[in-house]
Amino acid sequence: MTTMPKALPGWGHDALLSTLARADAARLKAFAEPLIHDLPEIEVQENRTGLVMLPMRDTAQGTHFHLGEVLMSEARITGGGQEGYGMRRGRDLEAAMAMALVDLAVALGVRQNACADFVEAEAKAQADADRETLCRVEATRVDMETF
């Protein structure tokens, strides 16, 4: 039976997984690789790809529907009485496994400061990219009242 995972200060588990799921794959793999040596013996529970339905909401009517299927990679590992989980878009099983390794390291309190620094840097990079995308979208907005 697993115990409750530790968390990074200021980070809930959902926020941690959301950030890791969007993290740059190369940076994530490079960060996770050395963690293996600091973790207890790891058992891989799942490492697979599959299709999941992409739910969407019609903003005009508020109804939910499935837009289509998305290819996902999923990894689930255990070690030291804890579980690490990773799910990422696409067919990159190594990135999903790297995500699970970071999640397990956080749950076990392994290299907590390094994990926090990595997650915070990725969250900042994602926020900056999101802001840039929103600025590009806003630049194309047309105010129909001006015509």
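**View 1. A salt bridge joins Arg111 and Asp38 between two loops.** The side chains of these two residues meet with N and O atoms 3.9 Å apart; a salt bridge here is a side-chain nitrogen of Lys or Arg within 4 Å of a carboxyl oxygen of Asp or Glu. Arg111 lies in the loop between helix H3 (93-108) and H4, and Asp38 in the loop between H2 and E1, so the pair ties together parts that are 73 residues apart in sequence. Helices (H or I, at least four residues) and strands (E, at least two) are DSSP runs, numbered from the N terminus. This is a predicted model, in which local features need pLDDT of at least 70 and side-chain atom pairs count only at pLDDT 80 or more, while totals for chains, interfaces and linings use all residues. Residues are numbered from 1 along each chain as its sequence is written, and side-chain values use heavy atoms, with hydrogens and water left out.

Both partners are partly exposed: Arg111 has a relative accessible area of 35%, and Asp38 one of 40%. On this scale buried means under 20% relative accessible area, exposed over 50% and partly exposed in between (1.4 Å probe, protein chains only). While you are zoomed in, take a look at the backbone too: phi of Arg111 is near 50 degrees, a positive value in a residue other than glycine.

**View 2. Arg22 and Asp130 form a salt bridge.** The closest N and O atoms of this pair are 2.8 Å apart. Arg22 sits in helix H1 (residues 13-22) and Asp130 in helix H4, so the bridge ties together parts that are 108 residues apart in sequence. Arg22 is partly exposed at 47% relative accessibility, and Asp130 is partly exposed as well, at 32%.

**View 3. Within helix H4, Asp128 pairs with Lys124.** Their side chains meet in a salt bridge with an N to O distance of 2.9 Å. The two residues are 4 apart in helix H4, which means that about one helical turn separates them.

**View 4. A network of salt bridges links Glu46, Arg48, Glu74, Arg76 and Glu83.** Leaving aside neighbours within four places in sequence, Glu46 is in contact (heavy atoms within 4.5 Å) with Glu74, Ala75 and Arg76. Glu46 can also be placed relative to Met97: the two are 51 residues apart in sequence, and their C-alpha atoms are 9.4 Å apart in space. Across the chain, the count comes to 14 salt bridges.

**View 5. Helices H2 and H4 run roughly antiparallel.** The axes of H2 (residues 25-32) and H4 (residues 112-138) come within 12 Å and cross at roughly 180 degrees. That angle makes H2 roughly antiparallel to H4, a label for angles over 145 degrees, with under 35 counted as roughly parallel, 65 to 115 as roughly perpendicular and the rest as oblique. H2 brings Arg27, Leu28 and Phe31 to the contact, and H4 brings Ala114, Cys115, Phe118, Glu122 and Ala125. The axes are lines fitted to C-alpha atoms, for helices over the stretch in contact, with angles running from 0 to 180 degrees between N-to-C directions.

**View 6. Leu54, Met56, Phe65 and Leu67 make a nonpolar surface patch.** The patch covers about 350 Å². Strands E1 (43-57) and E2 (64-79) are the elements that give two or more residues to it. Met56, one of the members, lies in strand E1 and is partly exposed, at 36%. Patch residues have over 30% relative accessible area and no salt bridge, with nonpolar side chains (Val, Leu, Ile, Met, Phe, Trp, Tyr) joined within 5 Å and like charges within 9 Å.

**View 7. Zooming out, the chain holds 4 helices and 3 strands.** From the N terminus on, these elements run α-α-β-β-β-α-α. Along its principal axes the C-alpha trace spans about 65 × 30 × 25 Å. Of the 147 residues, 31% are buried. Among contacts with a separation of 6 or more, 60% come from residues 24 or more positions apart. The accessible surface comes to about 9,400 Å², and carbon and sulfur atoms hold 55% of it; areas come from the Shrake-Rupley method with a 1.4 Å probe, and for residues only the protein chains shown count as cover.
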